[in-house]
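Notebook open, structure loaded. I want to look up a handful of residues and what surrounds the ligand.

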Amino acid sequence: MACCNNNKANNSIECTVTECKYHCGDANYCSLNSIKVGTHEANPTMPECTDCQSFMKK
Ligand code: SF4
């Protein structure tokens, strides 16, 4: 699977969301230089409460 960004994994951003078009395919990293993280909860209490808001469906 080819990465959208010349197969450049950003080793500072680990990610396992292979459904995202910015996922680096051959390694569990994001290919973006930076991402935006947010929450869908009023009072986030655990990791599941947070979201990558840079996600884009393939
Ligand atoms: S944009 Fe977010 S969800 Fe998509 S690969 Fe990067 S870190 Fe993962």
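**Asn-10.** I started here and, leaving out neighbours within four places in sequence, found Asn-10 in contact with Tyr-29, Cys-30, Ser-31, Leu-32 and Asn-33; contact means heavy atoms within 4.5 Å. Asn-10 belongs to strand 1. Strands here are DSSP runs (E, at least two residues), helices are H or I runs of at least four, and both are numbered from the N terminus. A polar atom of the Asn-10 side chain lies 3.2 Å from the backbone oxygen of Asn-33. Buried or exposed? I looked up Asn-10 and got buried, because its relative accessible area is 16%. For the cut-offs, buried is under 20% relative accessible area, exposed is over 50% and partly exposed is in between (1.4 Å probe, protein chains only).

**Ground rules.** I noted that this is a predicted model, with local features needing pLDDT of at least 70 and side-chain atom pairs counting only at pLDDT 80 or more, while totals for chains, interfaces and linings use all residues. Residues are numbered from 1 along each chain as its sequence is written, and side-chain values use heavy atoms, with hydrogens and water left out.

**Whole protein.** I counted zero helices and four strands, so the order from the N terminus reads β-β-β-β. Of the 58 residues, 21% are buried. Among contacts with a separation of 6 or more, 23% come from residues 24 or more positions apart.

**Asn-28.** Next I went to the loop between strand 1 (10-14) and strand 2 (29-30), where Asn-28 lies. Asn-28 is partly exposed because its relative accessible area is 40%. Its side chain makes a polar contact with the side chain of His-23 at 3.1 Å. A polar contact is a pair of N or O atoms within 3.5 Å; within protein, one must be able to donate a hydrogen and the other to accept it, and residues adjacent in sequence count only if both atoms are side-chain atoms. Not counting residues up to four places away, Asn-28 touches Ile-13, Glu-14, Cys-15, Thr-16 and His-23.

**Val-17.** The loop between strand 1 and strand 2 also holds Val-17. Val-17 is partly exposed, as its relative accessible area of 33% shows. Which residues does Val-17 touch, not counting those up to four places away in sequence? I got His-23 and Phe-55.

**Ligand.** Which residues are around the ligand? I listed Ile-13, Cys-15, Cys-20, Tyr-22, His-23, Cys-30, Leu-32, Ile-35, Cys-52, Ser-54 and Phe-55, where near means a heavy atom within 4 Å. This shell divides into nine nonpolar, two polar and no charged residues.

**Ser-54.** From that shell I picked Ser-54, in the segment after strand 4 (50-52). Ser-54 is buried because its relative accessible area is 18%. A polar atom of the Ser-54 side chain lies 2.9 Å from the backbone nitrogen of Lys-36. Not counting residues up to four places away, Ser-54 touches Tyr-22, Leu-32, Ile-35 and Lys-36. Of these, I noted that Tyr-22, Leu-32 and Ile-35 are also around the ligand.

Definitions and conventions: Nonpolar A, V, L, I, M, F, W, Y, C, P; charged D, E, K, R; others polar.
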